[in-house]
Amino acid sequence: MPVDAVIVAAGSSTRFGEDKLFADLCGRPVLAWSLEAFEAVKGMACVTIVTAAEKQEQVRALCEEWSNRACFNVVRGGARRRDSVEAGLRECSQRYVAIHDGARPLITAEIIGRVVAAAEGRPGAIAAVPVTDTIKEVRDGTIVGHPDRSRLWAAQTPQVVLRQAWLDAAAASDNDETDDAAMLARLGLDVAVVEGSAENIKVTRPIDLVLARAILERRLADG
């Protein structure tokens, strides 16, 4: 099915020390790898990149250098994730939109396609992976809960949503959410889960870039 995409690239990168989206990753900026993956998805209509106001021209130049698409938008984000996602969604026209963190450069077109397919006919779908660590719920430095690991999944992106459902959910409350499945849950909407990949890491700290480079170098060597 046809789908638009919103790539969120408006973060402050405070834990990374510099703007991680422009950091070099095997010869191209981190953000460019996400662009490449979305360009390869069948049925992808328009891609919107949401960034900080002062980075718009820099991001536009990056897209012009690294993107082969005639249809892409660069728009100003907001102070919160939900504000940035909403700014991107309002640039979209397709019924479904794939929302992705620009700091996940190792996403593949194959995973994006599976999430899009799972969302069709539903409110949405997300990529996620089963949790392998034992998780503890902690309050004030003390363990207060022992969640059943077999039921826990770590959410990734892309997260594909019905555009209007997301906007309706956002209008129901001004509170922020950490991801788009949580936003749709405000309306009691069920979201499908597609198994993503342990390689679909988010570059948050410098060590993450080292790991991403190792994974990508192996992929490139394998052809």
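A crossing of two helices is left-handed if the near helix is turned anticlockwise from the far one by less than a right angle, and right-handed if clockwise. By this rule the crossing of α1 and α2 is right-handed, whereas that of α3 and α5 is left-handed.

The model is predicted: local features need pLDDT of at least 70, side-chain atom pairs count only at pLDDT 80 or more, and totals for chains, interfaces and linings use all residues. Residues are numbered from 1 along each chain as its sequence is written, and side-chain values use heavy atoms, with hydrogens and water left out.

**Helix pairs**

Helices (H or I, at least four residues) and strands (E, at least two) are DSSP runs, numbered from the N terminus. Axes are lines fitted to C-alpha atoms, for helices over the stretch in contact, and angles run from 0 to 180 degrees between N-to-C directions.

| Helix pair | Angle | Axis separation |
|---|---|---|
| α1 (residues 30-39) and α2 (residues 56-66) | about 50° | 10 Å |
| α3 (residues 81-89) and α5 (residues 163-172) | about 140° | 11 Å |

The α1 helix is therefore oblique to α2, and α3 and α5 are likewise oblique to each other. Angles under 35 degrees count as roughly parallel, over 145 as roughly antiparallel, 65 to 115 as roughly perpendicular and the rest as oblique.

Contact means heavy atoms within 4.5 Å. In α1, L31, A32, L35 and E39 meet V59, L62, C63 and W66 of α2. This contact has seven nonpolar residues, no polar and one charged; Ala, Val, Leu, Ile, Met, Phe, Trp, Tyr, Cys and Pro count as nonpolar, Asp, Glu, Lys and Arg as charged, and the others, Gly among them, as polar.

From α3, R82, V85, E86 and L89 meet R163, W166, L167 and A170 of α5. Here the residues divide into five nonpolar, no polar and three charged.

**Helix α5 and strand β10**

Buried means under 20% relative accessible area, exposed over 50%, and partly exposed in between (1.4 Å probe, protein chains only). The buried residues of α5 are R163, A165, W166, L167, A169 and A170. Their cover includes α3, β6 (96-101), β10 and α6 (180-185). Q164, also in α5, is partly exposed at 44% relative accessibility.

Q159 lies in strand β10 (residues 153-162) and is buried, at 2% relative accessibility. Its side chain makes a polar contact of 3.1 Å with that of D179, a polar contact being a pair of N or O atoms within 3.5 Å; within protein, one must be able to donate a hydrogen and the other to accept it, and residues adjacent in sequence count only if both atoms are side-chain atoms. A polar side-chain atom of Q159 also lies 2.9 Å from the backbone oxygen of Q156.
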